[in-house]
Amino acid sequence: MGKFIYEGGVKTEIEDRALTHVQLVITAKLRRGEPFPFSWREDASVGGGRTTVWIQPGSSLVFKYFGSRQPSINRAWIEALAFTANAPSGLYLVPEPSESGEQPGGGDIPVTPPL
């Protein structure tokens with residue numbers, strides 16, 4: 001289980017494979033100078049709820065991985081995450097779709113962040 005740390009304080013645990021995909025989307029947007037919100041659900045062990053941070057060039061971000069190996073990259077997942085990052089609601093973690101781009105169970109990519 002990896003960690004995403006924002007501005008040295010706000011943090012959340014994200015599975016290493018998912019964190020790798022989130023990192024690729026975040027760094028691509030920051031390279032283009034595009035600020036955006038990033039939201040996630042908090043675990044019940046820390047009180048539950050949802051956290052949103054504003055990510056912009058100059059933000060202090062840390063992607064801390066538990067494992068040492070780079071996971072394989074699923075292009076369809078990158079595209080699904082980028083879709084959320086480019087929406088007004090901002091980036092949030094969506095389930096990993098199959099390599100063909102279809103979500104398991106045939107679901108569509110959600111367009112609003114989870115509550």
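Guide: Happy to! Let's start where two helices touch: Arg 17, Ala 18, His 21, Val 22, Leu 24, Val 25 and Lys 29 of α1 meet Trp 77, Ile 78, Leu 81, Ala 82 and Ala 85 of α2. Please keep in mind that this is a predicted model. Helix α1 covers residues 16-31, and α2 covers residues 75-85. Their axes come within 9 Å of each other and cross at roughly 55 degrees. Angles under 35 degrees would count as roughly parallel and those from 65 to 115 as roughly perpendicular, so α1 and α2 are oblique to each other. The crossing of α1 past α2 is right-handed.

Now follow α1 to the strands. Helix α1 lies across β3, β4 and β6, and runs at about 165 degrees to β3. Those three strands make up an open sheet with the order β4-β3-β6 and mixed pairing. Its edge strands, β4 (50-55) and β6 (91-92), each pair on one side only. Between β3 and β6 there are two bridges, and these strands run parallel.

Five bridges join β1 to β2, which are antiparallel; Gly 2, for example, has Ile 14 in β2 as its bridge partner.

What links β1 and β3 through their side chains? Here the aromatic rings come in. Counting rings whose centres lie within 6.5 Å, there are four aromatic pairs. Phe 4 and Phe 38 make one that is edge-to-face, 5.2 Å from centre to centre and with 80 degrees between the planes. The pair connects distant parts of the chain, since Phe 4 belongs to β1 (residues 2-6) and Phe 38 to β3 (residues 36-41), 34 residues apart. Phe 4 and Phe 38 are both buried. Together with Trp 40 and Phe 63 they form one aromatic cluster. Phe 38 has a further place in the picture: Phe 38 stands opposite Leu 91 in β6.

Definitions and conventions: Residues are numbered from 1 along each chain as its sequence is written. This is a predicted model: local features need pLDDT of at least 70, side-chain atom pairs count only at pLDDT 80 or more; totals for chains, interfaces and linings use all residues. Side-chain values use heavy atoms; hydrogens and water are left out. Rings of Phe, Tyr and Trp (its six-membered ring) pair if their centres lie within 6.5 Å; planes under 30 degrees apart count as stacked, over 60 as edge-to-face and the rest as tilted. Helices (H or I, at least four residues) and strands (E, at least two) are DSSP runs, numbered from the N terminus. Buried means under 20% relative accessible area, exposed over 50%, partly exposed in between (1.4 Å probe, protein chains only). Two strands pair if DSSP finds at least two bridges between them. Contact means heavy atoms within 4.5 Å. Axes are lines fitted to C-alpha atoms, for helices over the stretch in contact, and angles run from 0 to 180 degrees between N-to-C directions. Angles under 35 degrees count as roughly parallel, over 145 as roughly antiparallel, 65 to 115 as roughly perpendicular and the rest as oblique. A crossing is left-handed if the near helix is turned anticlockwise from the far one by less than a right angle, and right-handed if clockwise.
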